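Hi,

Here's the structure I promised to pass on.

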Amino acid sequence: MNRLNNKVVLITGASKGIGAATAQLIAAEGAKVIINYAGSQAAAEKTVQEIKDKGGDAIAVKADVSKAAEVTALFDTAIAHYGKIDVLINNAGVMIMKLLKDTTDEDFDRQFNTNVRGTFNTMREAATRLADGGTIINTSSTLTRAMVPTYGTYVASKGAVEQLTRVFAKEMGSRGITVNAVLPGPTNTELYMEGKSPEMIARQAALNAFNRLAEVGDIAPVIVFLASDDAKWISGQTIGVNGAMA
Ligand code: NDP
């Protein structure tokens, strides 16, 4: 299928995990893809190469989404290279797991600067620079629907992303732009696996109806659907992609 022919798609945090898998699928649907990364240059370039090997078109662009000037430069580079951006996928994120009493000021700032300010920075650019009729897909987490110790600042940051999504959807309708958020459940990536015991992983996998951890391939096709014109009447929504976890 070529549901994204002639579209240009910017994916933040696409060097690995859900973002890299989404970039691959997006390219396979015919779109040109900007693979943003913050530090993992080799992984980002590998993703670009894999896309090119399959006949797709992609570039890797470094930018820390928490820095407004770097996000402006990211949009400049993308538009200079491909002429426009139709779809913005805000996937970049970090997850700090700590009891609230142990969370430092630095933890709080890193959590909010990447997840909330990062999403804010790219959406502010997109407000005037995304093409008319475009699409924005933000990334929250199913944990905003659960109450799990140690995820306090993480879910607070994702809750803010969901609220920005709802309000921005109303603001962007006049240009035909849709804004939604996906809420993955626990998914087998570096971000999720780091620091977790096999018992903890098994416990969390048992919270969905299928008794397994999600793979990136369970999440990416939903993002591709939301990026396509088939989803044009979906906006302002927070969509669980979690096997009935919550
Ligand atoms: P990974 O850790 O595998 O990938 C995270 C990506 O974000 C990397 O490409 C990383 O790039 C990038 N990134 C981190 N900080 C920045 C920054 N400041 N600027 C630009 N890019 C940045 O994570 P996942 O694939 O698991 O997560 C993707 C999204 O999905 C996140 O928003 C996460 O919160 C969300 N999510 C994940 C779930 C899971 O269980 N995996 C569940 C629910 C939501 P680099 O390495 O170059 O820094």
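F108 and F112 both sit in helix α4 (residues 105–129), four residues apart, about one turn of the helix. Helices here are DSSP runs of H or I with at least four residues, strands are E runs of at least two, and both are numbered from the N terminus. The two rings make a stacked aromatic pair, at 4.4 Å centre to centre and 15° between the planes. The rule: rings of Phe, Tyr and Trp (its six-membered ring) pair if their centres lie within 6.5 Å, with planes under 30 degrees apart called stacked, over 60 edge-to-face and the rest tilted. F108 is partly exposed, with a relative accessible area of 40%; buried would be under 20% and exposed over 50% (1.4 Å probe, protein chains only).

That rule gives two aromatic pairs in total. Y151 and Y154 form a tilted one, 6.3 Å centre to centre with 55° between the planes, and both of these tyrosines are buried.

Before you go further: this is a predicted model, where local features need pLDDT of at least 70 and side-chain atom pairs count only at pLDDT 80 or more, while totals for chains, interfaces and linings use all residues. Residues are numbered from 1 along each chain as its sequence is written, and side-chain values use heavy atoms, leaving out hydrogens and water.

Now the strands. β1 (residues 8–11) runs parallel to β2, joined by four bridges (two strands pair if DSSP finds at least two bridges between them). V9 has V33 as its bridge partner in β2. Between β1 and β2 the chain passes through helix α1 (residues 17–28), giving a right-handed β-α-β crossover; that means the path from the first strand over the helix to the second runs clockwise with the strands pointing away from the viewer. β2 also pairs in parallel with β3 (residues 57–62), over six bridges, and β2, helix α2 (residues 41–53) and β3 make a right-handed β-α-β unit. Five of the six residues of β2 (residues 32–37) are buried, so this strand is largely enclosed by the rest of the structure.

Cheers
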